[in-house]
Each structure stands twice: as C-alpha cells, then as structure tokens.
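Colleague: I'd like to learn how to read helix packing and cores in a model. Could you walk me through this one?

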Amino acid sequence: MTAEEPAIATQALTKRYRGGRLAVDRLDLLVPRGSVFGFLGPNGSGKTTTIRMLMGLIEPTSGVARVLGEEMPRSGRRVLSRVGALIEGPAPYGFLSGRDNLARYDAADPTADPRTRAARVAAALDRVGLTAAAGKKARAYSLGMKQRLGLAAALLRPRELLVLDEPTNGLDPQGMREIRALVRDLAAGGTTVFLSSHLLDEIEQVCTHVAVMAQGRLLVQGTVTELASSVRARLGVTTPDTADAVRILKEHGVTDLAVRDDRVSGELPPAALVDPADLNAALVRAGVRVRAFGTERASLEDAFVALTGEGFDVAG
Ligand SMILES: Nc1ncnc2c1ncn2[C@@H]1O[C@H](COP(=O)(O)OP(=O)(O)O)[C@@H](O)[C@H]1O
Ligand SMILES: [Mg+2]
C-alpha cells in the first residue's frame, strides 16, 4: 500500500438484497486521504448498505471496495484496526455504565494494552463530552448520549480513517455542533473522516468533499466548492429602468431574466466568463439607474435541486 492510495475507493460496488431490491447500484466512490467526506442522500438511498460493505459487515453482490488500500471484506482483519466506525444504531449494554461499555469494546481489541485501558477509556469519554455521565448505566442514556458513546468507542485508538453513519442522529442542535467541532478537530489532526448524513446543511458546514446518492446511485462527487460552483449564481438589480436593464443584461449573457416591480433578476453566466462588476458598469454606461445590485452564490442545496430536480428534503 502506498500513501497515495485513497482512503476509500470502490468500483461498480453493488448490493442487491434478497428479494431483489437493488440498494447500491454500481457505485464508484473515491475518498481522498485527509478529506472530510460527506456521503449525502435521503433515507433509503443506500448509505448504510454502502458503509456495511466498506466495513466488511456484508458481502457485495458484485464490484470492489478498497479501504486504506486493502480489499474488503477479504482484508478486514488487517485493515479494520486502523479504522474507527460508528454504524447505525449503536447498541451498548444497558446494564453497564458508559465507562464499562467502553472498557468492553477496548478489551475486544486484541491489540489494545489492558494496562493503559482506563486512560484510553477516560480520554475517549472526555473527547465526546460524556465524562460526567460515564458512571451512569447506558440504559439511562438518551439517544444522543448513546450516539456519543458509539463515537467514543470509535475513538479509543488513533485511527487513519473514521467512518460515521449519521453521527448526529438523535442529537439536539448543541450536540450537533459539538460533533461537528469534534470532526473538524479530528480532521485537523490528519484523520480522514467519511460521514453519512441526510442533512445537506450539515455536510456543507463540515465537509471538504461530498458524494450525493439517490436511490442507490451516485449522482455526483467532488469538493463542496466545485459542486456549489457548478450551479450558476443569480443576479438581482433594482432599477426604475427595467426594460433597458433587461436588454443590457441579455447582451452580456445573463439568462432566465425576470422582472418583478422594479427588480430584474437573472442567471449569471459561469464566473469565468463575466465579472459582475463589469455588468454593473455596463448598466451604468447605458444610463440605467441602478439602485441596488447583488449576486447570490449558489449553495449546495441549489446544486442538489439542479441535479435531481427536487428539493433535498425527501422523506424516506
Ligand atoms: N437488510 C436488508 N434487507 C433488505 N433490504 C434492505 C436491507 N437493508 C436496507 N434495505 C433496503 O435497501 C435500501 C437502502 O437502504 P439503506 O442502505 O439503509 O439506506 P440509507 O442508509 O441511505 O437510509 C432501502 O430501500 C432499504 O429498504
Ligand atoms: Mg442509513
């Protein structure tokens, strides 16, 4: 394995469940080392199924999955000690405290030195903000606390790659912020983080890269910036001279022009072709009295709508 190997790479990875349902359809995923990679898609789009294949928990129907350069599930034993994972529905023992649950996870790792176990467990609890609740029985934990405990288990050892399936599920906004801060912190320390979410906003806030799934298929992948800039920005001009403004803007490549009262809006040509400042100057030169001039950068959500023709908030 070389340092250039991506953290995760799949080729035509496919999973058809018994009963014929195609959950993941010829997925080609490329997760660069050092990225915070958002695996985005509505419920039922195949995220958990993909993650289960990546972690060697289920066999692909066909295709190849490589994690840290090793083929899964064949090399699972070798590679999984370098990967921390939090997969849907962490199920701690309810009759044990959070701390004792972690000690059990740690004991299940044959490479973990029992003499330093207590320190590792304490550090992991601290990292996810569970120190105060560490002595409580896990059955008294809220969903969010269980989620944190699962994360703590993934953080017991230093990892090259963290795979987190919907890590903020069940958390309140404050808990979500804490997880985002933790993810940024881990990434700054050099860990590659692959996290799934059905929340676009969350991906946009924390991720450098994103792959968008819908119905088992990959719609697009790339950096968050690339994806957002693939959608054209919109322009809005407030002026009493709307007819002239429309004419000038059209001459300069603005499309989808619309007038509403004293406001003209339209879609800007790609940023490489026109500078909004030049558009403004052209309007003024033509005698258009510009009261307000503004552009709106496209968000990841705009990109998603453009890709799928629908809003992202698709309930599953
Ligand atoms: N064990 C299973 N057996 C049969 N179908 C499944 C199983 N797990 C998931 N599915 C189906 O596969 C599709 C993808 O599910 P999943 O991977 O859980 O998506 P996501 O994590 O994006 O919500 C869904 O249609 C789901 O109903
Ligand atoms: Mg899922």
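Colleague: In which hand does α3 pass α4?

Modeller: A crossing is right-handed if the near helix is turned clockwise from the far one by less than a right angle, and left-handed if anticlockwise. Here α3 passes α4 in a right-handed crossing. Helices (H or I, at least four residues) and strands (E, at least two) are DSSP runs, numbered from the N terminus. Keep in mind that this model is predicted: local features need pLDDT of at least 70 and side-chain atom pairs 80 or more, while totals for chains, interfaces and linings use all residues. Residues are numbered from 1 along each chain as its sequence is written, with chains lettered from A and ligands numbered from 1 in the order in which they are written.

Colleague: At what angle do helix α3 and helix α4 pack?

Modeller: Two packed helices are described by the angle between their axes and the distance between the axes. Axes are lines fitted to C-alpha atoms, for helices over the stretch in contact, with angles from 0 to 180 degrees between N-to-C directions. For α3 (residues 98-107) and α4 (residues 117-127), the angle is about 125 degrees and the axes are 10 Å apart.

Colleague: Which residues in α3 meet which in α4?

Modeller: Contact needs C-beta atoms, placed from the backbone, within 7 Å. From α3 come Gly-98, Arg-99, Leu-102, Ala-103 and Asp-106, and from α4 Arg-117, Arg-120, Val-121, Ala-124 and Leu-125. By class, this contact holds five nonpolar, one polar and four charged residues (Ala, Val, Leu, Ile, Met, Phe, Trp, Tyr, Cys and Pro are nonpolar, Asp, Glu, Lys and Arg charged, the others, Gly among them, polar).

Colleague: How do α3 and α5 pack?

Modeller: Their angle is about 35 degrees, with axes 10 Å apart. This crossing is right-handed. Gly-98, Asn-101, Leu-102 and Tyr-105 of α3 touch Leu-149, Ala-152 and Ala-153 of α5, giving five nonpolar, two polar and no charged residues.

Colleague: Which residues have the most contacts inside the largest nonpolar core?

Modeller: A nonpolar core joins buried Ala, Val, Leu, Ile, Met, Phe, Trp, Tyr and Cys residues through C-beta atoms within 7 Å; buried means 20 or more other C-beta atoms within 10 Å. Here the largest has 67 residues, and Leu-54, Ala-152, Val-163, Val-193 and Phe-194 have the most contacts inside it. Helix α5 (residues 143-154) gives the most to this core, six residues. Apart from it lies another core, of 11 residues, including Leu-235 and Val-288.

Definitions and conventions
Buried ≥ 20, exposed ≤ 12 C-beta atoms within 10 Å, placed from the backbone. Contact = placed C-beta atoms within 7 Å.
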